Amino acid sequence: MKLFHDVSSVRNFTQKRKNEQKIGLVPTMGALHPGHLALLEASQKDNDQTICSIYVNPTQFNNPDDLKKYPRTLEGDLELLEKIGCDAVFCPTDQIMYPPDQPQLLHLDFGYLNEILEGQHRPGHFDGVGLVVTKLLNIVQPHRAYFGQKDLQQLTIIRQLVREFFIPVEITSVPIVREASGLALSSRNQRLSPEEKETAIQLYQTLLFAQKQYKAGTDLSTITQQARNRLNQDSGIQLEYFEAVRVHDFQLLEERTENQPIAFCVAAYVGDVRLIDNVLIN
Ligand code: AMP
(Lines give C-alpha, C1' and ligand atoms only; values in the text may rest on other atoms or scores of the structure.)
Protein backbone atom coordinates (compact mmCIF):
# COMPACT_ATOMS: atom_id res chain seq x y z
CA MET A 1 0.00 0.00 0.00
CA LYS A 2 1.34 3.38 -1.04
CA LEU A 3 1.30 6.25 1.46
CA PHE A 4 1.29 9.81 0.14
CA HIS A 5 1.53 13.08 2.01
CA ASP A 6 1.93 15.66 -0.74
CA VAL A 7 -0.06 16.78 -3.76
CA SER A 8 2.33 15.85 -6.56
CA SER A 9 3.00 12.27 -5.44
CA VAL A 10 -0.67 11.27 -5.13
CA ARG A 11 -1.49 13.07 -8.37
CA ASN A 12 1.33 11.21 -10.15
CA PHE A 13 -0.09 7.93 -8.86
CA THR A 14 -3.46 8.71 -10.48
CA GLN A 15 -2.10 10.28 -13.66
CA LYS A 16 0.14 7.29 -14.43
CA ARG A 17 -2.79 4.87 -14.21
CA LYS A 18 -5.79 6.92 -15.22
CA ASN A 19 -5.91 5.95 -18.89
CA GLU A 20 -5.91 2.21 -18.32
CA GLN A 21 -7.45 1.88 -14.87
CA LYS A 22 -10.42 3.23 -12.94
CA ILE A 23 -9.53 5.12 -9.77
CA GLY A 24 -11.88 5.41 -6.77
CA LEU A 25 -11.42 7.91 -3.93
CA VAL A 26 -12.87 7.45 -0.44
CA PRO A 27 -12.50 10.68 1.56
CA THR A 28 -12.47 10.19 5.34
CA MET A 29 -11.37 11.90 8.52
CA GLY A 30 -9.90 8.64 9.86
CA ALA A 31 -10.78 6.74 13.05
CA LEU A 32 -12.01 4.16 10.56
CA HIS A 33 -14.94 1.87 11.35
CA PRO A 34 -17.07 -0.57 9.33
CA GLY A 35 -19.05 2.39 7.86
CA HIS A 36 -15.88 3.61 6.16
CA LEU A 37 -15.05 0.03 5.18
CA ALA A 38 -18.37 -0.23 3.30
CA LEU A 39 -17.31 2.79 1.19
CA LEU A 40 -13.89 1.26 0.57
CA GLU A 41 -15.46 -2.07 -0.37
CA ALA A 42 -17.80 -0.35 -2.85
CA SER A 43 -14.82 1.45 -4.39
CA GLN A 44 -12.76 -1.74 -4.58
CA LYS A 45 -15.64 -3.47 -6.34
CA ASP A 46 -16.10 -0.69 -8.94
CA ASN A 47 -12.48 0.36 -9.55
CA ASP A 48 -9.00 -0.99 -10.25
CA GLN A 49 -7.35 1.28 -7.69
CA THR A 50 -8.79 2.61 -4.45
CA ILE A 51 -7.31 5.63 -2.68
CA CYS A 52 -8.45 6.46 0.85
CA SER A 53 -7.79 9.98 2.08
CA ILE A 54 -7.46 10.63 5.80
CA TYR A 55 -7.60 14.26 6.78
CA VAL A 56 -9.32 15.94 9.73
CA ASN A 57 -10.32 19.12 7.94
CA PRO A 58 -10.25 22.07 10.37
CA THR A 59 -12.40 24.37 8.21
CA GLN A 60 -15.48 22.16 8.55
CA PHE A 61 -15.46 22.24 12.36
CA ASN A 62 -17.57 25.11 13.66
CA ASN A 63 -16.81 24.01 17.23
CA PRO A 64 -13.07 24.16 18.18
CA ASP A 65 -13.63 21.67 21.02
CA ASP A 66 -15.11 19.13 18.60
CA LEU A 67 -12.00 19.50 16.40
CA LYS A 68 -9.69 19.07 19.38
CA LYS A 69 -11.54 15.98 20.62
CA TYR A 70 -11.97 14.38 17.19
CA PRO A 71 -10.45 10.86 17.45
CA ARG A 72 -7.15 10.42 15.60
CA THR A 73 -5.97 6.82 15.17
CA LEU A 74 -3.71 6.99 12.11
CA GLU A 75 -1.51 3.99 12.92
CA GLY A 76 -4.48 1.64 13.41
CA ASP A 77 -6.21 3.11 10.34
CA LEU A 78 -3.18 2.37 8.15
CA GLU A 79 -2.98 -1.21 9.46
CA LEU A 80 -6.66 -1.72 8.68
CA LEU A 81 -6.34 -0.24 5.19
CA GLU A 82 -3.34 -2.46 4.47
CA LYS A 83 -5.29 -5.50 5.67
CA ILE A 84 -8.28 -4.86 3.41
CA GLY A 85 -6.02 -4.32 0.38
CA CYS A 86 -6.50 -0.57 -0.11
CA ASP A 87 -4.05 0.52 -2.84
CA ALA A 88 -3.05 3.95 -1.59
CA VAL A 89 -3.64 6.39 1.25
CA PHE A 90 -3.39 10.16 1.05
CA CYS A 91 -2.73 11.80 4.43
CA PRO A 92 -1.99 15.48 3.86
CA THR A 93 -1.09 17.98 6.59
CA ASP A 94 -2.87 21.30 7.18
CA GLN A 95 0.15 23.02 5.56
CA ILE A 96 -0.45 21.07 2.35
CA MET A 97 -4.21 21.58 2.24
CA TYR A 98 -4.22 25.22 3.40
CA PRO A 99 -0.70 26.59 2.65
CA PRO A 100 -0.08 29.23 5.33
CA ASP A 101 2.04 31.36 2.98
CA GLN A 102 -0.80 31.66 0.45
CA PRO A 103 -3.98 33.64 1.00
CA GLN A 104 -7.08 31.42 1.24
CA LEU A 105 -9.78 33.70 -0.06
CA LEU A 106 -12.47 31.44 -1.47
CA HIS A 107 -15.65 30.51 0.35
CA LEU A 108 -18.49 28.33 -0.83
CA ASP A 109 -22.07 29.32 -0.13
CA PHE A 110 -24.63 26.58 -0.74
CA GLY A 111 -27.63 28.91 -0.60
CA TYR A 112 -30.72 27.47 1.11
CA LEU A 113 -28.78 24.28 1.97
CA ASN A 114 -26.77 26.44 4.38
CA GLU A 115 -29.91 27.68 6.08
CA ILE A 116 -31.41 24.36 7.13
CA LEU A 117 -30.55 21.38 9.35
CA GLU A 118 -26.76 20.85 9.39
CA GLY A 119 -26.21 24.14 7.55
CA GLN A 120 -28.23 26.04 10.15
CA HIS A 121 -26.83 24.30 13.21
CA ARG A 122 -23.20 24.18 12.07
CA PRO A 123 -22.46 27.60 10.55
CA GLY A 124 -19.59 27.40 8.08
CA HIS A 125 -19.58 23.58 8.11
CA PHE A 126 -20.58 23.08 4.47
CA ASP A 127 -18.23 25.84 3.31
CA GLY A 128 -15.41 23.78 4.87
CA VAL A 129 -16.72 20.48 3.47
CA GLY A 130 -17.08 22.03 0.00
CA LEU A 131 -13.55 23.45 0.12
CA VAL A 132 -11.89 20.24 1.25
CA VAL A 133 -13.84 17.99 -1.13
CA THR A 134 -13.03 20.31 -4.07
CA LYS A 135 -9.35 20.26 -3.07
CA LEU A 136 -9.32 16.45 -2.71
CA LEU A 137 -11.09 15.88 -6.04
CA ASN A 138 -8.68 18.26 -7.80
CA ILE A 139 -5.62 16.77 -6.17
CA VAL A 140 -6.45 13.09 -6.66
CA GLN A 141 -8.59 13.41 -9.83
CA PRO A 142 -10.37 10.05 -9.37
CA HIS A 143 -13.00 8.65 -11.75
CA ARG A 144 -15.34 8.00 -8.83
CA ALA A 145 -15.70 9.23 -5.25
CA TYR A 146 -17.65 7.51 -2.46
CA PHE A 147 -19.73 9.14 0.30
CA GLY A 148 -22.01 7.72 2.98
CA GLN A 149 -25.77 8.28 3.25
CA LYS A 150 -25.09 8.81 6.94
CA ASP A 151 -24.24 12.42 5.97
CA LEU A 152 -27.24 12.81 3.68
CA GLN A 153 -27.20 16.62 3.42
CA GLN A 154 -23.45 16.50 2.75
CA LEU A 155 -24.16 14.15 -0.15
CA THR A 156 -26.57 16.74 -1.57
CA ILE A 157 -24.04 19.57 -1.36
CA ILE A 158 -21.33 17.41 -2.93
CA ARG A 159 -23.58 16.48 -5.84
CA GLN A 160 -24.40 20.19 -6.21
CA LEU A 161 -20.70 21.11 -6.16
CA VAL A 162 -19.79 18.52 -8.78
CA ARG A 163 -22.71 19.57 -11.00
CA GLU A 164 -22.17 23.34 -10.76
CA PHE A 165 -18.39 23.18 -11.25
CA PHE A 166 -18.53 20.41 -13.90
CA ILE A 167 -16.06 18.35 -11.86
CA PRO A 168 -15.37 15.20 -13.89
CA VAL A 169 -16.13 12.62 -11.20
CA GLU A 170 -18.96 10.19 -10.54
CA ILE A 171 -20.37 10.44 -7.01
CA THR A 172 -21.52 7.15 -5.49
CA SER A 173 -23.47 6.92 -2.23
CA VAL A 174 -23.34 4.01 0.20
CA PRO A 175 -26.07 3.04 2.74
CA ILE A 176 -25.60 3.62 6.47
CA VAL A 177 -23.81 0.89 8.41
CA ARG A 178 -25.20 0.39 11.93
CA GLU A 179 -24.32 -1.46 15.11
CA ALA A 180 -26.57 -4.41 16.01
CA SER A 181 -28.42 -2.00 18.33
CA GLY A 182 -29.28 0.22 15.35
CA LEU A 183 -26.89 3.02 16.35
CA ALA A 184 -25.31 4.45 13.18
CA LEU A 185 -21.56 3.92 13.23
CA SER A 186 -19.59 7.13 13.66
CA SER A 187 -16.05 7.95 14.71
CA ARG A 188 -17.63 10.16 17.39
CA ASN A 189 -19.28 7.09 19.03
CA GLN A 190 -15.88 6.39 20.62
CA ARG A 191 -16.55 9.37 22.87
CA LEU A 192 -19.86 7.98 24.21
CA SER A 193 -19.93 6.26 27.62
CA PRO A 194 -21.77 2.89 27.72
CA GLU A 195 -24.85 4.65 29.20
CA GLU A 196 -24.74 7.38 26.56
CA LYS A 197 -24.49 4.72 23.86
CA GLU A 198 -27.63 3.13 25.25
CA THR A 199 -29.39 6.52 25.16
CA ALA A 200 -28.18 7.21 21.60
CA ILE A 201 -30.11 4.16 20.33
CA GLN A 202 -33.26 6.30 20.80
CA LEU A 203 -32.31 8.32 17.72
CA TYR A 204 -32.65 5.34 15.39
CA GLN A 205 -35.66 4.00 17.32
CA THR A 206 -37.40 7.33 16.77
CA LEU A 207 -36.48 7.37 13.07
CA LEU A 208 -38.01 3.87 12.78
CA PHE A 209 -41.10 5.09 14.63
CA ALA A 210 -41.42 7.96 12.12
CA GLN A 211 -40.93 5.60 9.19
CA LYS A 212 -43.65 3.29 10.51
CA GLN A 213 -46.04 6.19 11.06
CA TYR A 214 -45.39 7.46 7.55
CA LYS A 215 -46.15 4.05 6.08
CA ALA A 216 -49.36 3.94 8.13
CA GLY A 217 -50.46 7.18 6.43
CA THR A 218 -50.04 9.59 9.36
CA ASP A 219 -49.82 13.28 8.57
CA LEU A 220 -46.18 14.42 8.23
CA SER A 221 -46.25 17.33 10.68
CA THR A 222 -47.89 15.06 13.28
CA ILE A 223 -45.11 12.52 12.82
CA THR A 224 -42.27 15.04 13.19
CA GLN A 225 -43.93 16.59 16.24
CA GLN A 226 -44.44 13.18 17.90
CA ALA A 227 -40.84 12.25 17.13
CA ARG A 228 -39.55 15.51 18.67
CA ASN A 229 -41.72 14.97 21.76
CA ARG A 230 -40.37 11.44 22.14
CA LEU A 231 -36.75 12.61 21.98
CA ASN A 232 -37.34 15.65 24.19
CA GLN A 233 -38.73 13.36 26.89
CA ASP A 234 -35.33 11.71 27.28
CA SER A 235 -33.20 13.82 29.61
CA GLY A 236 -30.00 12.36 28.13
CA ILE A 237 -30.79 13.80 24.70
CA GLN A 238 -30.59 17.44 23.60
CA LEU A 239 -32.45 17.52 20.33
CA GLU A 240 -31.32 19.96 17.63
CA TYR A 241 -33.73 18.98 14.89
CA PHE A 242 -36.02 16.25 13.65
CA GLU A 243 -37.27 17.01 10.14
CA ALA A 244 -38.57 15.42 6.96
CA VAL A 245 -36.89 16.36 3.66
CA ARG A 246 -37.32 15.57 0.00
CA VAL A 247 -34.17 13.61 -0.82
CA HIS A 248 -33.27 14.92 -4.27
CA ASP A 249 -32.99 18.60 -3.29
CA PHE A 250 -33.24 18.54 0.51
CA GLN A 251 -36.27 20.80 0.66
CA LEU A 252 -37.94 20.64 4.08
CA LEU A 253 -41.36 18.98 3.93
CA GLU A 254 -44.44 19.86 5.96
CA GLU A 255 -46.83 17.64 4.05
CA ARG A 256 -46.73 14.14 2.64
CA THR A 257 -45.49 13.82 -0.91
CA GLU A 258 -46.31 10.51 -2.54
CA ASN A 259 -43.95 8.76 -4.97
CA GLN A 260 -40.92 10.85 -4.08
CA PRO A 261 -38.07 9.65 -1.90
CA ILE A 262 -38.15 11.42 1.45
CA ALA A 263 -35.94 11.13 4.51
CA PHE A 264 -36.36 11.76 8.19
CA CYS A 265 -33.23 13.44 9.57
CA VAL A 266 -32.22 13.91 13.18
CA ALA A 267 -29.39 15.65 15.03
CA ALA A 268 -28.94 15.64 18.79
CA TYR A 269 -26.37 15.86 21.51
CA VAL A 270 -25.93 12.85 23.75
CA GLY A 271 -23.65 14.07 26.54
CA ASP A 272 -21.27 16.39 24.71
CA VAL A 273 -21.23 14.30 21.52
CA ARG A 274 -23.23 15.53 18.55
CA LEU A 275 -24.82 12.72 16.55
CA ILE A 276 -26.75 12.69 13.28
CA ASP A 277 -28.81 9.98 11.63
CA ASN A 278 -31.52 9.51 9.02
CA VAL A 279 -33.81 6.98 7.36
CA LEU A 280 -34.95 6.96 3.75
CA ILE A 281 -38.55 6.28 2.70
CA ASN A 282 -39.81 5.19 -0.77
P1 AMP B 1 -16.02 10.85 8.19
O2 AMP B 1 -14.69 10.18 8.39
O3 AMP B 1 -16.92 10.80 9.37
O4 AMP B 1 -15.88 12.23 7.57
O5 AMP B 1 -16.78 9.99 7.10
C6 AMP B 1 -16.20 9.70 5.86
C7 AMP B 1 -17.25 9.10 4.97
O8 AMP B 1 -17.76 7.91 5.58
C9 AMP B 1 -18.44 10.03 4.75
O10 AMP B 1 -18.83 9.96 3.38
C11 AMP B 1 -19.49 9.47 5.66
O12 AMP B 1 -20.80 9.71 5.21
C13 AMP B 1 -19.17 7.98 5.59
N14 AMP B 1 -19.69 7.31 6.79
C15 AMP B 1 -19.48 7.63 8.08
N16 AMP B 1 -20.17 6.81 8.90
C17 AMP B 1 -20.85 5.96 8.10
C18 AMP B 1 -21.76 4.88 8.34
N19 AMP B 1 -22.12 4.51 9.57
N20 AMP B 1 -22.25 4.22 7.27
C21 AMP B 1 -21.92 4.58 6.01
N22 AMP B 1 -21.06 5.59 5.71
C23 AMP B 1 -20.54 6.27 6.74
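The model is predicted: local features need pLDDT of at least 70, side-chain atom pairs count only at pLDDT 80 or more, and totals for chains, interfaces and linings use all residues. Residues are numbered from 1 along each chain as its sequence is written, and side-chain values use heavy atoms, with hydrogens and water left out.

**Exercise 1. Give the strand order of the open sheet and name its edge strands.**

Step 1. Apply the pairing rule. Two strands pair if DSSP finds at least two bridges between them.

Step 2. Read the order. The open sheet has six strands, ordered β1-β4-β3-β2-β5-β6, with parallel pairing. Its edges are β1 (2-4) and β6 (170-174), each of which pairs on one side only. From one strand to the next, the twist averages 25 degrees.

Step 3. Angles here run from 0 to 180 degrees between N-to-C directions, and axes are lines fitted to C-alpha atoms, for helices over the stretch in contact. Helix α1 packs on the sheet and touches β1, β2 (23-28), β3 and β4; its direction makes about 165 degrees with that of β3.

Step 4. Check one pair. β3 (residues 49-54) and β4 (residues 88-90) run parallel, joined by three bridges. Serine 53 has phenylalanine 90 as its bridge partner in β4.

**Exercise 2. Describe the surroundings of strand β5.**

Step 1. Count bridges. Two join β2 to β5, and five join β5 to β6. Leucine 25 stands opposite alanine 145. Phenylalanine 147 has serine 173 as its bridge partner in β6.

Step 2. Sort the side chains. Arg144, Tyr146 and Gly148 point one way, Ala145 and Phe147 the other, and all are buried.

Step 3. Conclude. Five of the five residues of β5 are buried, so β5 is largely enclosed by the rest of the structure.

Step 4. α7 lies across β2, β3, β4 and β5 (144-148), running at about 150 degrees to β2.

**Exercise 3. Characterise the packing of α7 and α8.**

Step 1. Two packed helices are described by the angle between their axes and the distance between the axes.

Step 2. Read the values. The axes of α7 (residues 125-140) and α8 (residues 152-164) come within 10 Å and cross at roughly 55 degrees.

Step 3. Classify. Angles under 35 degrees count as roughly parallel, over 145 as roughly antiparallel, 65 to 115 as roughly perpendicular and the rest as oblique. Therefore α7 is oblique to α8.

Step 4. List the contact. α7 supplies Phe126, Val129, Gly130, Val133, Thr134 and Leu137, while α8 supplies Gln153, Gln154, Ile157, Ile158, Leu161 and Val162.

**Exercise 4. State how β8 and β9 pair.**

Step 1. Read the sense. β8 (residues 262-270) pairs with β9 in the antiparallel sense over nine bridges. Phenylalanine 264 stands opposite valine 279.

Step 2. Eight of the nine residues of β9 (residues 273-281) are buried, so β9 is largely enclosed by the rest of the structure.

Methods: Buried < 20%, exposed > 50% of the residue type's maximum accessible area, 1.4 Å probe, protein only. Helix = DSSP H or I, 4+ residues; strand = E, 2+ residues; numbered from the N terminus. Contact = heavy atoms within 4.5 Å.
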